[in-house]
Each structure stands twice: as C-alpha cells, then as structure tokens.
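Biologist: I've got this model open on my screen and I'd like a close look at one part of it. Could you walk me through how a pair of helices packs, and then say a bit about the strands?

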Amino acid sequence: ITSNPLLDDVDEPVGILTRATDDAPRANATLLVLVRNNELKGLLGTMRDVERTFNSKFNYPWTFFNDKPFSDVFKRQVRAATKAECRFETIPREHWDTPEWINNDITEVSNKILVEDNIMYAQMGSYHRMCRWNSGMFYKHPALKDVRWYWRVEPNTRYFCSIDYDVFRYMEDNDKTYGYVINIYDAPQSIRTLWPTTLEFVAKHPEYLHPNNSLAWLVDGNSRPNHHRIANGYSTCHFWSNFEIGDMNFFRSEAYDKYFEYLDQAGGFFYERWGDAPVHSVGLGLFLDQSKIHWFKDIGYLHQPYYNCPSSNKCRGCKAGRFVTTPSMNPENCINNFFKYAHAD
Ligand code: GDP
Ligand code: MN
C-alpha cells in the first residue's frame with residue numbers, strides 16, 4: 001500500500017504572498033481553452049466552476065481556440081459566463097492541418113493496428129491533430145505572442161476548491177515553470193516509438209538535457225514493466241495535461257520547440273497516437289530543472305474518471321484522497337513515482 005499524499009491537510013495558506021487584495025502587479029496570463037462549438041454546454045459548467053473558485057477574484061482573460069470559427073451563440077453565452085475579457089481565436093490552417101509529409105496510406109494502416117490495440121480515438125483524424133496542436137502549436141498562436149502564462153481548461157472538467165491566491169503569481173514568485181494536478185500511466189501502445197525517437201533527438205542535442213532533469217522518473221521500469229517494455233524504455237507516467245499551468249517561455253525555448261519539430265517530422269502524431277500529455281511530460285522531464293515543477297495539491301479537480309481531491313475545508317463535492325470512483329483503477333495513479341524520482345512539492 002502506497003501512501004496517499006492527498007490526505008495531508010492543505011489548509012495552510014500556500015500563496016500567502018499572492019492574495020487577491022495585493023496591489024502587486026498581476027501576471028501576464030490567460031485561461032486557455034481549445035474547444036468545439038458543440039461543447040458549449042460542457043464548457044459553461046466548467047467556466048462556472050473556474051469563475052466561482054478562482055477567476056471571479058482575479059479576473060484573468062479567457063482565450064478560446066477552435067479550428068473552425070466560433071458561432072455567435074457560443075460567443076454570446078460564453079461572454080455571459082464571466083466578467084473577464086473573452087478572446088475568440090481561430091487556429092490558422094498551417095497550425096492545424098495534417099502536415100504534407102504525412103503519408104495518409106500509412107496513417108490508415110497504422111491506425112487500424114491502434115484500433116485493434118483498443119487505443120481510443122485512434123481512427124479520428126481530428127484527435128491526432130488536436131494532440132499535435134496541444135503538443136507544439138498552441139504557444140505559437142499569434143494571439144498569445146505577448147502572453148507568458150496559461151492555465152489550460154477543458155470543457156466538462158470540474159473544480160471543487162476555493163483558490164484564494166493568484167496561482168500565476170505563485171508560479172512566478174516561486175520560480176516555477178509547470179504546474180500539474182494528476183500523474184497517470186499512458187496506454188503504451190499509443191507511444192511505442194516516442195521514447196526511441198526522443199533518444200535520437202537527445203543524442204543529436206545532448207546540450208539540451210538539464211543537469212537537474214527528471215530522467216529517472218521517465219525511465220523507471222519497476223513500477224509497470226509491461227508499459228516500460230511496450231513503450232520501449234519510457235514508464236509512460238506523465239502529467240495529465242488537460243489541467244496544466246505553464247510558462248510558455250519553456251515551450252518556446254529552443255530545446256522544447258526543436259524537440260517538437262523533431263517529433264513532428266517523425267510522424268508519430270499520426271502513425272501512432274502520441275498525446276500532448278506524454279510529449280509535454282518527456283520534454284519537461286528532460287529539458288527542465290525538476291525543482292521548477294509544482295504539484296497543485298490544493299486544486300480540487302475532476303476530468304473523468306480521475307480526481308485530485310485535497311483534504312481541505314475549502315473544497316466541496318470532492319472526497320478527500322479520492323483518485324477514481326472505481327477503486328480497481330487506483331493503480332493508474334503514478335504520482336508517487338514522480339515524488340520518488342523527483343520531488344513532492
Ligand atoms: P480526451 O480528454 O483525451 O478524451 O479528449 P477531449 O475530447 O476532451 O479533447 C481534448 C480537448 O481538445 C478538449 O478541450 C476538446 O474540446 C478539444 N478538442 C478535441 N478535438 C477537437 C477538435 O477537433 N476541434 C477543436 N476545436 N477542439 C477539439
Ligand atoms: Mn478531455
């Protein structure tokens with residue numbers, strides 16, 4: 001039985017220096033949402049949560065992205081859900097479309113194999129494009145050119161705990177780069193060649209490896225030997241990126257962006273189903289100082305089926321310590337791996 005770090009009380013004020021009443025300057029930040037017009041209802045529920053727990057106190061702008069233009073109904077209802085500024089952005093085709101070097105015949109054949117391997121969404125071209133955009137395109141959108149921090153929000157997610165400090169300024173003031181809530185294993189069949197391709201890149205560019213990296217976390221082969229074998233040397237443990245608070249300067253850095261370009265050329269976003277979560281995680285694990293990664297244990301969160309449920313009187317509707325409603329799925333949680341090989345804060 002492993003310890004459950006969520007059962008540690010979190011009612012001490014994490015962000016005491018960054019309260020809503022502070023006069024100090026706000027961060028250069030946005031709430032960032034990739035969403036389709038038909039997800040409006042699920043988005044409004046999530047916006048209600050984010051506004052209630054956090055943004056009604058801090059008023060950070062929302063930026064919405066879509067590969068198609070947003071409808072008028074969508075824009076009207078979203079604007080009505082917040083008093084903060086709303087920006088509606090269309091993704092340029094050259095950031096979204098399948099790149100011309102991808103061979104559709106190969107995609108079709110390899111996706112059939114992924115379907116047989118029970119990889120969800122394998123045959124959906126749009127899902128592959130979405131993962132690629134979230135991996136290496138979002139921070140290149142012209143609308144974010146002058147923005148540094150983002151908090152990724154997905155429709156149909158829940159937020160349970162009142163957040164009474166400015167999380168962006170917390171990151172800035174504490175010299176953090178990336179914040180997460182959930183760590184889980186990935187389906188190894190979706191990323192068979194991600195790690196070998198990563199090693200090729202690192203062999204070409206050893207100078208990008210950070211001396212205080214999280215490599216030991218990435219290559220752990222003890223916790224899930226089968227995953228490690230099928231994913232050819234990667235444990236598959238990753239930051240679940242449907243929630244993340246990050247510094248886009250990291251993703252825009254030469255190391256990460258060249259890494260993304262290398263992966264993109266290799267074709268695994270289409271020939272396999274590389275997710276943005278393992279891609280972000282491997283990039284962060286190799287190129288970033290591990291002390292700059294922060295677990296937001298005080299942010300109560302649900303993206304079906306996984307939770308981050310703190311023990312705190314600031315939370316409503318989240319059972320302290322819960323990770324998943326089906327206890328047999330508790331082993332999908334690998335947050336203790338990150339603590340073991342990196343750190344626990
Ligand atoms: P899952 O969490 O892996 O099951 O994938 P989701 O269906 O939740 O998609 C992840 C995010 O990308 C969500 O914010 C979706 O709204 C968004 N998304 C997925 N596919 C598309 C797409 O084709 N167009 C747009 N605009 N957003 C998409
Ligand atoms: Mn989702």
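Predicted model: local features only at pLDDT ≥ 70, side-chain atom pairs only at ≥ 80, totals over all residues.

Modeller: Packed helices in general are described by the angle between their axes and the distance between the axes. Take helix α11, residues 254-266, and helix α13, residues 276-287: they pack at an angle of about 135 degrees, and their axes are 10 Å apart. Roughly antiparallel would need an angle over 145 degrees, so that makes α11 oblique to α13. As for handedness, α11 and α13 cross in the right-handed sense. On the α11 side, the contact is made by A255, Y256, Y259 and L263, while α13 brings V279, G283 and F287. Sort the residues of that α11–α13 contact by type and you get six nonpolar, one polar and no charged.

Now the strands. Strand β4 (residues 149-152) has two pairings to look at. With β1 (residues 29-34), β4 runs parallel, joined by four bridges; find T30 and you'll see its bridge partner in β4 is Y150. With β9 (residues 244-247), β4 runs antiparallel, again through four bridges, and here W151 has I245 of β9 as its bridge partner.

There's also an open sheet of three strands, ordered β5-β11-β12, with antiparallel pairing. β5 (158-159) and β12 (306-308) are at its edges with a single partner strand each, so each has one side without a neighbour in the sheet. Strand β11 (residues 301-303) pairs with β12 over three bridges, and H303 has Y306 in β12 as its bridge partner.

Conventions:
Residues numbered from 1 in each chain as written. Chains lettered and ligands numbered in written order. Axes fitted to C-alpha atoms, helices over the stretch in contact; angles between N-to-C directions. Parallel < 35°, antiparallel > 145°, perpendicular 65-115°, else oblique. Left-handed = near helix turned anticlockwise from the far one by under 90°. Contact = placed C-beta atoms within 7 Å. Nonpolar A, V, L, I, M, F, W, Y, C, P; charged D, E, K, R; others polar. Pairing = 2+ DSSP bridges.
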